[in-house]
There are 2 protein chains.
Amino acid sequence: MTAYETLERRFQRLNALRVAAGVLHWDMSAMMPSGGAPARSEQLTALDLTCHEWLSDPAVADLLSEAEQDAAARGTKARGATALDPWRRANLREMRRIWRHETALDAGLVEALAKTQHACEMTWREARPANDFAAVLPRFSELLKLVREAAAAKAAALDRAPYDALLDEYEPGGSATRIDEIFAGLAAFLPEFLGKVLERQATRAAPMAPPGPFPAAKQEALARRLMAGVGFDFTHGRLDTSLHPFCGGVPDDVRITTRYDEADFASALMGVLHESGHAMYERGLPAEWRLQPVGAAAGMAAHESQSLLVEMQACRDVAFVSHMAPLARAAFGGEGPAWEAENLLALTTRVAPGFIRVDADEVTYPAHIILRSRLEQAMIAGDLDPKDLPGAWNDGMENLLGIRPPEDRLGCLQDIHWYDGAWGYFPTYTLGAMAAAQLFAAAKKAVPEIPKALGRGDFAPLMAWLREHVHSQGALRITDDLLKHATGKVLDPEIYKAHLTARYLG
Amino acid sequence: MTAYETLERRFQRLNALRVAAGVLHWDMSAMMPSGGAPARSEQLTALDLTCHEWLSDPAVADLLSEAEQDAAARGTKARGATALDPWRRANLREMRRIWRHETALDAGLVEALAKTQHACEMTWREARPANDFAAVLPRFSELLKLVREAAAAKAAALDRAPYDALLDEYEPGGSATRIDEIFAGLAAFLPEFLGKVLERQATRAAPMAPPGPFPAAKQEALARRLMAGVGFDFTHGRLDTSLHPFCGGVPDDVRITTRYDEADFASALMGVLHESGHAMYERGLPAEWRLQPVGAAAGMAAHESQSLLVEMQACRDVAFVSHMAPLARAAFGGEGPAWEAENLLALTTRVAPGFIRVDADEVTYPAHIILRSRLEQAMIAGDLDPKDLPGAWNDGMENLLGIRPPEDRLGCLQDIHWYDGAWGYFPTYTLGAMAAAQLFAAAKKAVPEIPKALGRGDFAPLMAWLREHVHSQGALRITDDLLKHATGKVLDPEIYKAHLTARYLG
């Protein structure tokens, strides 16, 4: 067996343990009673440490070096190795990346991070509804201290800046420099654009909100019907509820969650469609690479591109809303002009600065991300103390969107990410939104019948294109390379701006 | 750190991985869509192999020997060791037992067993409703071959007969000789006793079945109310549905399942009460030993004693049925004499030979177990070929209960156990039923207000006694020792016979 083949066997086991932890995370969010938290933390910490020890085995380092040398010597049959094909080369690259991230930390830090993340997340779960930042501050500060320690260690191992080293886990090769540049362009574009959109919106009659209540069971039934239209296969996945909606599980068993607001059916529905986009990506990942690193998604920007392509590009398109409107009316027994497609389209594309990211419209959403990106960079750099976060958050919101959260649950307590240890993750939402616009434009150009099919609630032509050009590529290519392969060019913010302009000022 | 202390640290991790696998098993039965099976098998196999490798590390063998020598030298301060208290001695005994079972097998057999079990269980899930034994036979034969291989290896490692070695995993120290002796006594007692019971029953009016249907949601609501009465804490557990009802999870997050038959509310209700007995045992295990082997249940006979004590002893008692009858009537909006406590008591203690073990009454239940015990001993010994199982099963039923299953789904396809790899497990049901009678008699003698409290649906006095004498003991004492500690004597089948006689001929 060659070094590479031995690594494949080893990483298959490692991957199975990591996805097992993923299922336990899903359960923690969607099923676990609160009293199960300490035991679950023990289980997840044990899995983290087990994976850490596996990767820290000096034999793995030796195998990686040997396999890389073999790959470099491809074609020369050195050490009896046959040439690695592009998939195996990409797999080896991903193995090395995973290995670098994991071995940068010592076991003590891995354990402390795992336990502090779980404890901080559990405290946040209570602090958020109680609007009590002070309650979570001690654990949050402790977690940030550990994350900064991890960032420093990874920076040394990856030879990158500390924040970039964190980013690399979610967005391989991502850098603050590039993100800041892209975000600066957006920050320059958006205020004036937003002003124009609001001005134009003011000249039109405000859309009517269909009168509720909308029973959760009926919302769920409608959501399931639309999920099926997107292509979600319930023999390979589930829909459940959780405090923070997400997509978890594994490609052959994708678990998405939502939360129902009985006063507003669109929130859960659009959330389910968003998560269905993630789910379709997972389901479409290359089956022959299921348990190898290269069989995973290309990164979180690519992942968000798939959820936002479905939710923001396809499902807020006039074609799809025309299909959805009568279904929604029938589902809730509604009647009257509020249920007309035109009105629902105006509602789902309504622009209005608000406090909550996950409820934000497409135009103001980037401001939420720019704020978080700035704040997390400052916290990682040590320039912002956690105790000063609420004030900095509120100042930032005022500065970016002209509104000031009256309380922390509408401010810095709203998102789970920092509290569960995900730092360097937020930028991928807006990178994903831009990639979604670029991919949707390319897909429609390549397959002109896509909009017509969406008008029947049929995502098959769109998904067929995405499966071929994105999903089936796994981590063979990383974001820009993937976009270039699929659309002919790397990430181009202009396409996103063009999309916004066409939709909101067209 | 002493060898024993090092072992505690190691087994804490091992235990966390094993209970993580338990959560994945629960999910597989209660939540997982069918398409997730292959990925789940990968995850569980990876966990099994990881645990196997941990225990097979020569350092563990050295630590065990050293800790045992330290313990033997207690009081002499040899090697700087302080004397181990009884809990630590019992913990060390359980570590050694777990180690013996695990290291008896090589990694190849562990992997083959794990994968074949998952595959065979998944095939059984389809073969049972399809009534198609032939469909599961190839995998079943393959699994039996591996189980026999494991039994032989464990027999050598534990210095016991192959079947006893399997039994030891579920019932530490259990032996076919003792079980056969107990079962022979029952087999001699029951036929004549059953005849008398049926004769007497025939002299009375048959109880009326309350007319259904009983909507599953209403059954569930009633079940949750009664669970709360038993003491089930929903911040530390869940109730869900699954094909084969069971109790899983961990002590601080106990997951019980049931299945609803809309034509018969008593089946799910009694099932839920049964699993609640298991759940209370798990919840009451000693908190300070949560992640150590000694913190687990004393074995499956002890576990079944707790579920059957609740279901068969307490919940089929006139006191409890009098409490339950008006609640059930109100829950389903029933009226008329069928809902009178006296009628429901007659229904829930009705004796009638039937094909399905889990639906069997208390008097005929042991026959189902005796049959399975004989058949599995024969299969492990190589005296019964899997292909001949359906015929042997049907002959056995005819011989023991005078009825012959017309099809395999009412015969050898009905239980999950053999198909998911649990061999040497069945006898614990009847050992548990006998222990339940013995414990309930002792509890009532010690705490005379127990029946009165049950008449209010209040299990607190019963549970307080059980928690002190059984639950909190963990694996400090094993079955007979535990019974002696709690009731003053080892397992005594005469107490069970006296219970049956009092209830059915009293």
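B:Pro213 sits in the loop between helix 8 (176-202) and helix 9 (216-230) of chain B, and a cis peptide bond with omega of about -5° joins B:Gly212 to B:Pro213. Here, helices (H or I, at least four residues) and strands (E, at least two) are DSSP runs, numbered from the N terminus. This is a predicted model, in which local features need pLDDT of at least 70 and side-chain atom pairs count only at pLDDT 80 or more, while totals for chains, interfaces and linings use all residues. Residues are numbered from 1 along each chain as its sequence is written, and chains are lettered from A and ligands numbered from 1 in the order in which they are written.

- In chain A, a cis peptide bond links A:Gly212 and A:Pro213, with omega about 0°.
- A:Pro213 belongs to the loop between helix 8 (176-202) and helix 9 (216-230) of chain A.
- A:Asn131 is not a glycine, yet its phi is positive, at about 60°.
- You can find A:Asn131 in the loop between helix 5 (107-130) and helix 6 (133-158) of chain A.
- A:Asn131 counts as partly exposed because it has 13 C-beta neighbours inside 10 Å; a residue is buried if 20 or more other C-beta atoms lie within 10 Å of its own, exposed if 12 or fewer, and partly exposed in between, with C-beta atoms placed from the backbone.
- B:Asn131 has a positive phi of about 55°, although it is not a glycine.
- B:Asn131 is located in the loop between helix 5 and helix 6 of chain B, and with 13 C-beta neighbours inside 10 Å it counts as partly exposed.

**Helix 5 of chain B**

- Helix 5 (residues 107-130) of chain B has 24 residues, which at 1.5 Å a residue should span 34 Å, and this agrees with the 35 Å between its end C-alpha atoms; the expected span is 1.5 Å times one less than the number of residues.
- This helix bends by about 25° at B:Trp124, where the bend is the angle between axes fitted to the seven residues ending there and the seven starting there.
- Buried residues in helix 5 of chain B include B:Val110, B:Ala114, B:His118, B:Cys120, B:Met122 and B:Trp124.
- The buried residues of helix 5 of chain B pack against helix 2 (37-56) and helix 6 (133-158) of chain B; two residues are in contact if their C-beta atoms, placed from the backbone, lie within 7 Å.
- Helix 5 of chain B is followed by B:Asn131.

**The sheet in chain B**

- In chain B, 3 strands form an open sheet in the order 1-3-2, and the pairing is mixed; two strands pair if DSSP finds at least two bridges between them.
- Its edge strands are strand 1 (237-241) and strand 2 (247-250) of chain B, each pairing on one side only.
- From one strand to the next, the twist averages 20°; axes are lines fitted to C-alpha atoms, for helices over the stretch in contact, and angles run from 0 to 180 degrees between N-to-C directions.
- Strand 2 and strand 3 (residues 253-258) of chain B pair in the antiparallel sense over 4 bridges.
- B:Gly249 stands opposite B:Val254, which is in strand 3 of chain B.
- Helix 10 (residues 265-284) of chain B lies across strand 1, strand 2 and strand 3 of chain B, and runs at about 165° to strand 3 of chain B.

**The sheet in chain A**

- Chain A has an open sheet of 3 strands with the order 1-3-2 and mixed pairing.
- Strand 1 and strand 2 (247-250) of chain A are the edge strands, so named here for pairing on one side only.
- In chain A, strand 2 and strand 3 (residues 253-258) run antiparallel and are joined by 4 bridges.
- A:Val250 stands opposite A:Asp253 in strand 3 of chain A.
- Helix 1 of chain A packs on this sheet and touches strand 1, strand 2 and strand 3 of chain A, its direction making about 140° with that of strand 2 of chain A.

**Where the chains touch**

- 31 residues of chain A are in contact with 31 residues of chain B.
- On the side of chain A that touches chain B, the elements giving two or more residues are helix 1 (3-30), helix 2 (37-56) and strand 1 (237-241) of chain A.
- The residues on that side of chain A divide into 17 nonpolar, 8 polar and 6 charged; Ala, Val, Leu, Ile, Met, Phe, Trp, Tyr, Cys and Pro count as nonpolar, Asp, Glu, Lys and Arg as charged, and the others, Gly among them, as polar.
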